[in-house]
Amino acid sequence: SAILSDVLDELGIENQVMSPIMRPLDETLTLCGRARTGAYMEVPYLEEGINPYRLEIALVDDLRQNDVAVLACGGSSRIAPWGGLLSTAAKARGSTGCVTDGYVRDTIEIRRLEFPVFACGVAPLDSKGRGQIMSTDVPVICDGVKVNPGDLVVGNADGVVVVPQEHELEVMAKALEKIDGEHNSIKELRAGSYLRDVFEKYGIL
């Protein structure tokens, strides 16, 4: 994520990195995949006769290989849209993780699944009667970052980065170049070269 952030900066593509509040449940796991989005809004009551989970269930059941569920809750402190059952179902569908600016629960169970989940907090709150998903597969703002369906979402211990599809080929090509340069820099630094000389040679820090 750090390399992608650097490349996006170099290309002048701004505001693609989620805030430091967005943290992984398990820092040893890496998330990478295509965004499948859901937009939530807070609600003050539970409407009788309506299944509040209908769109949420439909989104999870429709996840495909390498999809990442991106659930935008507007930073609500009242919604925990993701938990153990959804993680189990998503992993079985081939999903590679979830990112939400709401809360997450069932954290021990999710860690046992080794399913990458990034959230702005942990809480036992059910979304029922507090928040409801209003639409899926639409552009959303998640933790301040615009995410379009199909955008590349990458997360690790350093944080979450979103690469817009229209810039993906250029960003990934430059990221691979930067990785090669970092590997060469590390090799020379381990051999005893001075940091100033290595930086002058590769321009990477």
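What follows is a short chat about holes, pockets and rings.

Tutor: This is a predicted model: local features need pLDDT of at least 70, side-chain atom pairs need 80 or more, and totals for chains, interfaces and linings use all residues. Residues are numbered from 1 along each chain as its sequence is written, and side-chain values use heavy atoms, without hydrogens and water.

Student: Which residues line the largest cavity?
Tutor: Pro24, Leu25, Asp26, Leu29, Phe115, Pro116, Val117 and Phe118. On a 1 Å grid over the protein atoms alone, a cavity is a set of points where a 1.4 Å probe fits but cannot get out; lining residues have an atom within 4 Å of a point.

Student: What volume does the largest cavity have?
Tutor: About 30 Å³, the space filled by probe spheres set on the points, which are joined across faces, edges and corners.

Student: And what volume for the largest pocket?
Tutor: About 280 Å³. A pocket is an open set with protein on both sides within 12 Å along at least five of seven lines. Of its 16 lining residues, the closest to the centre are Tyr53, Glu56, Pro81, Leu85 and Leu86.

Student: New topic. How many aromatic pairs are there?
Tutor: One. Trp82 and Phe115 are stacked, 6.4 Å centre to centre with 10° between the planes. Rings of Phe, Tyr and Trp (its six-membered ring) pair if their centres lie within 6.5 Å, and planes under 30 degrees apart count as stacked.

Student: Is Trp82 buried or exposed?
Tutor: Buried, at 1% relative accessible area. Buried means under 20%, with a 1.4 Å probe and protein chains only. Phe115 is buried too, at 3%.

Definitions and conventions:
Phe/Tyr/Trp six-rings, centres within 6.5 Å; stacked < 30°, edge-to-face > 60°. Buried < 20%, exposed > 50% of the residue type's maximum accessible area, 1.4 Å probe, protein only.
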